[in-house]
Amino acid sequence: MTVHLRLIGLLAASLALASAVPVAAQDAVTVTAPAPSAVLGDLTLRAPDGRDIPVFVFPAAEERAVVVFSHGLGGDPRAYREIIGRWAQAGFTVVAPLHVDSQRHPGGGRAGGAVAFMTRIADLAVVRDHVRAEHAGKPIAVAGHSFGSLLSLMAGGAVTAVGPQSDPDVRAVVALSSPGAIQGLVQPETYGGLTVPMLMVTGDADVVATYAPDWRAHRIPFDTAPPGDRMLVIFGGGEHGLVAEGTEAQRAFLAEVTLDFLRAHASGDPEAQARLAALSAPAGVQIERR
């Protein structure tokens with residue numbers, strides 16, 4: 001619970017971030033789901049401030065590890081059900097909170113700015129505590145899309161303007177379209193603190209006007225983190241919603257590479273590590289390693 005207690009000291013700093021964090025629901029990808037009032041989640045956890053946190057669980061029949069997943073701003077975990085489902089089928093239980101900024105949240109998704117950021121920090125800390133208690137002894141990885149990937153990178157050691165939020169139990173990070181350099185929040189040294197293996201995925205059409213007008217902004221975590229177990233996959237023509245809305249071939253390759261990354265670095269599979277090291281990019285894809 002130490003991460004929760006740190007939130008008290010961060011509230012004042014969060015006020016300065018209200019204009020730094022994007023508030024538009026530009027991370028959202030297509031999803032067919034119940035109306036906001038019907039969203040209850042598979043379980044409900046309690047935040048330090050007394051809020052209910054709806055959480056969706058995608059269980060693995062033969063669990064190798066657990067992935068804590070954070071959706072994009074305004075999004076919903078179920079929008080990513082294809083890739084999450086593949087992870088679960090391969091032995092990775094996925095536990096994914098519905099954040100207050102979601103358009104599918106019972107509160108209507110009206111939260112933005114510092115509120116969205118700080119409540120996400122709390123949500124994910126609570127979920128990781130839940131995973132430690134209910135999946136004792138299982139390795140933990142974190143993953144996220146866009147805004148959610150920033151929170152995942154923070155759990156892996158990245159340090160934003162609000163200070164350290166790392167979790168020593170996190171073994172690997174899968175970052176799908178990092179939000180880049182959010183002014184006032186992401187600093188030049190932010191990713192210098194990343195201590196765990198990282199897979200970054202983006203596309204050369206992955207543009208978000210408010211915080212990534214140039215797709216190369218998504219490279220920042222890969223380019224500025226200390227070298228070692230860093231992998232960057234760039235899809236030609238890949239847009240911001242690639243993870244759920246790319247072509248069938250793109251989604252299949254994305255599932256393949258993310259699964260082997262999780263196998264290699266979350267559950268310590270040497271064969272998956274060897275496949276990653278030898279992996280060559282298909283047509284229309286670039287792979288970089290550091």
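# Briefing on a predicted single-chain model

Leu254 touches Ile83, Leu176, Val201, Phe235 and Val243, leaving out residues up to four places away in sequence; contact means heavy atoms within 4.5 Å. This is a predicted model, in which local features need pLDDT of at least 70 and side-chain atom pairs count only at pLDDT 80 or more, while totals for chains, interfaces and linings use all residues. Residues are numbered from 1 along each chain as its sequence is written, and side-chain values use heavy atoms, with hydrogens and water left out.

**The chain as a whole**

- The chain has eight helices and nine strands; helices (H or I, at least four residues) and strands (E, at least two) are DSSP runs, numbered from the N terminus.
- Of the 290 residues in the chain, 58% are buried, where buried means under 20% relative accessible area, exposed over 50%, and partly exposed in between (1.4 Å probe, protein chains only).
- Among contacts in the chain with a separation of 6 or more, 77% are between residues 24 or more positions apart.
- Carbon and sulfur atoms hold 55% of the accessible surface of the chain, which comes to about 11,200 Å²; accessible areas come from the Shrake-Rupley method with a 1.4 Å probe, and for residues only the protein chains shown count as cover.

- Leu254 is found in helix 7 and is buried, with a relative accessible area of 2%.
- The C-alpha atoms of Leu254 and Leu242 are separated by 9.2 Å, and the two residues are 12 residues apart along the chain.
- Gln250 also has its place in helix 7 (residues 248–265) and is buried, with a relative accessible area of 15%.
- Apart from neighbours within four places in sequence, Gln250 is in contact with Phe235, Gly236, Gly238 and Leu242.

**Helix 2 and its cover**

- In helix 2 (residues 81–89), the buried residues are Ile83, Ile84, Gly85, Trp87 and Ala88.
- The cover over these buried residues includes strand 2 (52–58), strand 3 (65–70), strand 4 (92–97), strand 5, helix 6 (242–245) and helix 7.
- Gly91 follows helix 2 and has a positive phi, near 105 degrees.

**Helix 3 against helix 4**

- Two packed helices are described by the angle between their axes and the distance between the axes.
- Helix 3 (residues 113–134) and helix 4 (residues 147–155) pack at an angle of about 55 degrees, and their axes are 11 Å apart; axes are lines fitted to C-alpha atoms, for helices over the stretch in contact, and angles run from 0 to 180 degrees between N-to-C directions.
- Helix 3 and helix 4 are therefore oblique to each other, given that angles under 35 degrees count as roughly parallel, over 145 as roughly antiparallel, 65 to 115 as roughly perpendicular and the rest as oblique.
- On the helix 3 side, Ala116, Phe117, Arg120, Ile121, Leu124 and Arg128 meet Phe147, Gly148, Leu150, Leu151, Met154 and Ala155 in helix 4.
- By class, this contact has nine nonpolar, one polar and two charged residues; Ala, Val, Leu, Ile, Met, Phe, Trp, Tyr, Cys and Pro count as nonpolar, Asp, Glu, Lys and Arg as charged, and the others, Gly among them, as polar.

- Ser146, a residue other than glycine, has a positive phi near 55 degrees.
- Ser146 lies in the loop between strand 5 (140–145) and helix 4 and is buried, with a relative accessible area of 0%.
- Asp229, a residue other than glycine, has a positive phi near 55 degrees.
- Asp229 is in the loop between helix 5 (220–224) and strand 8 (230–235) and is partly exposed, with a relative accessible area of 42%.
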